[in-house]
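Welcome, and thanks for opening the viewer. Have the cartoon view ready, and we will walk from one selection to the next.

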Amino acid sequence: EFDERVHRLLGLAAGEAVAYVCEPKLDGLAVELVYEDGELVQGSTRGDGAAGEDVTRNLRTVGGVGANRGVLHRLAGKGWPRRLEVRGEVLLQKKHFEALNRQILRRGEEPFANPRNAAAGSLRQLDWRITAVRPLSFIAYEALSPGQEPDGSAGRRAEAKPQHTATPDGSAGRRAEAKPQQPPAPWRSHWEKLADLGRWGFEVNPENRLCRGLAEVQRFRDQMEERRFGLPYDTDGVVVKVDDLDWRRRLGAATKFPRWAVAYKYPPQEEATQVEDIVASVGRTGVLTPVAVVRPVVLSGATVTNATLHNEDELRRKDVRIGDWVLMRRAGEVIPEVVKVLPERRTGSEREFRFPSRCPACGARVVREEGEKVWRCTGAACPAQLVGRLRHFAQRRALDIEGLGDKLAAQLVERKLTREFADLYRIPLPTWAELERMGEKSARNILEALERSKTTTLRRLLFGLGVPQVGEATAATLARHFGTLERFMAAGEEELMAVRDIGPESAREIRAWTSEPQNQEVVRHLLAVGVRPAREEAPRRGAFAGKTVVLTGSLTRLSRDEAKAEIERRGGKVSGSVSRKTDLVVAGEEAGSKLGKARELGVKVVGEDEFIAMLGA
């Protein structure tokens, strides 16, 4: 259809062969480089085609890896126009992507999902030094000189929106200014442009091909589909461009795409294999994910041995059983997935998978909360989820252990320095100081933060322990009701249901947590190292007693957390949404849709001054 349209719009005879340039479709981040008198003066992302993000300083660090020459600071050779705009793709080759992810996993961080995300994330770093250590490559595929836009719109170019870093010359946020028009470079074809880009020092894809007519294009497409998984970079198709630049100008552009180019995407590769087992994998948050263990199968150039089945509902919907033959592919050429079961190959020996009642990593109870799609481990010391639990325990709204972030928590788990929360308080100064990016001063700061965290409140501790169904508001309610940690841990389901807003399901899950021996041990050990949650004071009687309050907009004299604490201290409950059960809405500056909803329902609304007065009542 594309070839027929080109012939029709150019008025060519049906049998006349059009010269097309065929290029592998690169899976990275498109950028534009601007050179003046041979020097790189600006680099931006392509954005929406009219405005992009200024990433000049970061692009200057893309020095290329191996044989790739990266982003040139100065053009080589001669014959380039005084002003040149070069478009191309910043990408990560497969081997460099795998090496980068290995480094990230060693630090206990979340790896990139695919090379494209990794390239985009690396280039958009606010700190150019992070970009500089990433093994990025650059491949050029377009050259423009003022007056020679590929779709005929002479002189149009992308403006760069400022990035939040200074440009190399220190002019942070300076927008590109249009230069006077110059005579266009003497290109007659796209193939000539690619040749010049190579002469001037850029990496140009060696797989590019000049094809005479549609039959050659189709042969190139088929050859690349067979070879694509052996290429050093990811590609999911080919781009076909009319070579003659005068014909391009005549063809012009539609609203969203040029009429002189088309992209052909390959269908995902699918292969049949057998499910040898289904196991429950425990993630950082305690979620148990069913994973199909399959006979090794090569997909998109990689050997696949397992695939996630996401959750129980998805597992049942696809009806995947142990022993089944299934059709598999890599979603987005990255993540292995089971497309469907092949029921015609069933023998009757296949077995359904049942979620375990105990966590395979720690032996604690496994529960599926009402309304949830996932099963979770209830173990507070489960090694499979310890990094996430440590980070939650240390956050500001819980024990507030300043400095204990994801990277440090990951190191503690990786080095087996912590099995549970109490271990944090047992690590000596020299051991803290030996950790990566620590030193003695940082180690002392952590120890001081840990010592301060021992003096906390019951509501903060209950929230930090990660008890199922216990968020901040529920933790505050439970703390006020029970007063002490010992009373809370000993409470049965009936006593829990007597607490405001605790229903049968929540009571059942909370009791399952408190009766789990592993969790009881975690609590005992915390008390043994000196963590002492202060007894919650009984809520004051006042204007908020027994009322449900919604906060909206910005308050000038109190933070949102402070206002919430004051309301709860006076016996009120803070909700995140307005309903007919809402008693009061406190509207600060720039109040949003919640204010409109309150007026619609006839709920009482007060401003900040009246709210402060109510606190003092």
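**First stop: a sheet and its helices**

Begin with the open sheet, whose four strands pair in parallel in the order 21-20-22-23. Keep in mind that you are looking at a predicted model. Select residues 573-575 (strand 21) and 604-606 (strand 23): these strands stand at the edges with a single partner strand each, so one side of each has no neighbour in the sheet.

Now select residues 548-552, strand 20, which runs parallel to strand 21 and is joined to strand 21 by three bridges. Zoom in on Val 550 to find its bridge partner in strand 21, Ser 575.

**Second stop: a helix pair**

Move to residues 386-394 (helix 10) and 406-414 (helix 11), whose axes come within 9 Å and cross at roughly 130 degrees. Because of that angle, helix 10 counts as oblique to helix 11. The crossing is right-handed.

Which residues of helix 10 and helix 11 meet? Show side chains for Leu 386, Val 387, Leu 390 and Arg 391 in helix 10, and for Asp 406, Ala 409, Ala 410 and Val 413 in helix 11. Colour this contact by residue type and you will find six nonpolar, no polar and two charged residues.

Notes
Residues numbered from 1 in each chain as written. Predicted model: local features only at pLDDT ≥ 70, side-chain atom pairs only at ≥ 80, totals over all residues. Heavy atoms only, no water. Pairing = 2+ DSSP bridges. Helix = DSSP H or I, 4+ residues; strand = E, 2+ residues; numbered from the N terminus. Axes fitted to C-alpha atoms, helices over the stretch in contact; angles between N-to-C directions. Parallel < 35°, antiparallel > 145°, perpendicular 65-115°, else oblique. Left-handed = near helix turned anticlockwise from the far one by under 90°. Contact = heavy atoms within 4.5 Å. Nonpolar A, V, L, I, M, F, W, Y, C, P; charged D, E, K, R; others polar.
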